[in-house]
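Please open the structure in your viewer and keep the selection panel at hand. The stops below go from one selection to the next.

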Amino acid sequence: MIQLIRGFKDILPEESALWQHIENTARALFEDFGFREIHPPVLEKTELFKRSIGEDTDIVEKEMYTFADRNGDLITLRPEATASVVRSYIQHKMYAVDPIRKMYTIGPMFRRERPQKGRYRQFYQINAEVFGEASPYIDAQLIFMLVTLFSKLGVMDINAHINSLGCPECRPDFRKALSELLISRKEQLCEDCIRRSERNPLRVLDCKVPACREAVSEAPSIMDFLCPDCARHFDTVQAMLVKQGVRFELDKRLVRGLDYYTRTTFELQTGALGAQSAVAGGGRYDGLVKALGGPAHPAIGFAIGFDRLVEIVSQSQENLEKKPVIFIAALGEEGIQNGYIWANELCLAGVPTEADFSGKSLKSLMKRADRMGALFVLMVGESELKEGRVVLRDMKTKEQHAFPVDKLTETITNFLNR
Ligand code: HAM
């Protein structure tokens, strides 16, 4: 038997209701905040991710599914969506009429990480991105929208971590100080980090190897290096979060695993998922649109780990699996024919209806209705039909109601809405 690929998984029909509930809640909220949906493709030129996420990141160094197309072009299954949304913003000159654009996208991402609980090689993200707006109020609003989504979904065990990574004005001084410390601790670092300590020392702050974490425990704080503009920006973000009652923690180690960030970065972490604590992450990337060939427009965004969010919500939510309201137990040839018509009519009338045309006994049909959790069973037997009526049984109270077959769909719909 052919099994699925390691690190990949099926989202089964019984899980789908929860995925849909989360997706619908996110869509409704984001649309209210002015975001519109975009669907970039899952395959892009490898160059796009190398230039945006950064050559020294784990994602680009080790995790991308990259392969040569039949004509030799290098293409990559997207490891994240931001780069594609930026490419699309530039390619379609979305900034031409109004540089401010708010977009969201939901879909699969691919990273060849070591699979474990909460970490998959195909996983889903819910992304939101804002272009053309440099104001710190947008940072605060985006974080507010993100935590609002979590509270709407009833997720309580969540901590917002925030940091500022400065800008091209002030970050070089921080990089230099960090690099000097790392070079002095070279013998403690893993091989990747020895290389990174000169080229891209911020990546070392993100390394998960315990010895490297230990080596950076006394790293300087970026807060001491922020230029006045970055410091003011970050102060306003924090003040606005406080004003709206958003609780957060300052986390100077939060550098995120992608190179494009500037200024505000943030992550939502939870204790509910074991080792994989990050359930959402994002930040400003004011230089990326220009770096990818567009105008110098600022931007900010986040991505939620959809699989991880589903896992947390499923710990608190009761089963949302959809159940039929009516189960039609059709008995005998005439019962099946009539049941078939009524089943379609009820489905079209918006009443979730399941019918069984197998011709099995009433006893086994009742068992199946029970297993499916149907609220009512409509018994369509030949003898009842002869009398021009059918019986609706309430599976909870066991009450039975006889209804005339004439205008049955209408009668049942009225009965259910009574
Ligand atoms: P990221 O932190 O790499 O950011 O990913 C965002 C979220 O995706 C993580 O917090 C995590 O919940 C989820 N995630 C990442 N990798 C996996 C995996 N292997 N299995 C399951 N879930 C995973 C980004 O991707 C940025 N593009 C976010 C962003 C948008 N920044 C600005 N705009």
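**A tour around the ligand**

Begin by selecting Gly 301, where a backbone N or O atom lies 3.4 Å from a nitrogen atom of the ligand, a polar contact in the sense of a pair of N or O atoms within 3.5 Å. This is a predicted model, in which local features need pLDDT of at least 70 and side-chain atom pairs count only at pLDDT 80 or more, while totals for chains, interfaces and linings use all residues. Residues are numbered from 1 along each chain as its sequence is written, and side-chain values use heavy atoms, with hydrogens and water left out.

Of its 27 residues, Glu 80, Glu 113, Glu 129, Arg 256 and Tyr 261 come nearest. Which element gives the most to this shell? Select β10, a strand (a DSSP run of E, at least two residues), which contributes six residues.

Finally, zoom out and colour the protein by domain, using bounds from an automatic or database domain assignment: domain 1 spans 13-170 + 226-314, and domain 2 spans 326-416. The C-alpha centres of these two domains lie 49 Å apart.

How values were computed: A residue is near a molecule or strand if one of its heavy atoms lies within 4 Å of it. A polar contact is a pair of N or O atoms within 3.5 Å; within protein, one must be able to donate a hydrogen and the other to accept it, and residues adjacent in sequence count only if both atoms are side-chain atoms. Helices (H or I, at least four residues) and strands (E, at least two) are DSSP runs, numbered from the N terminus.
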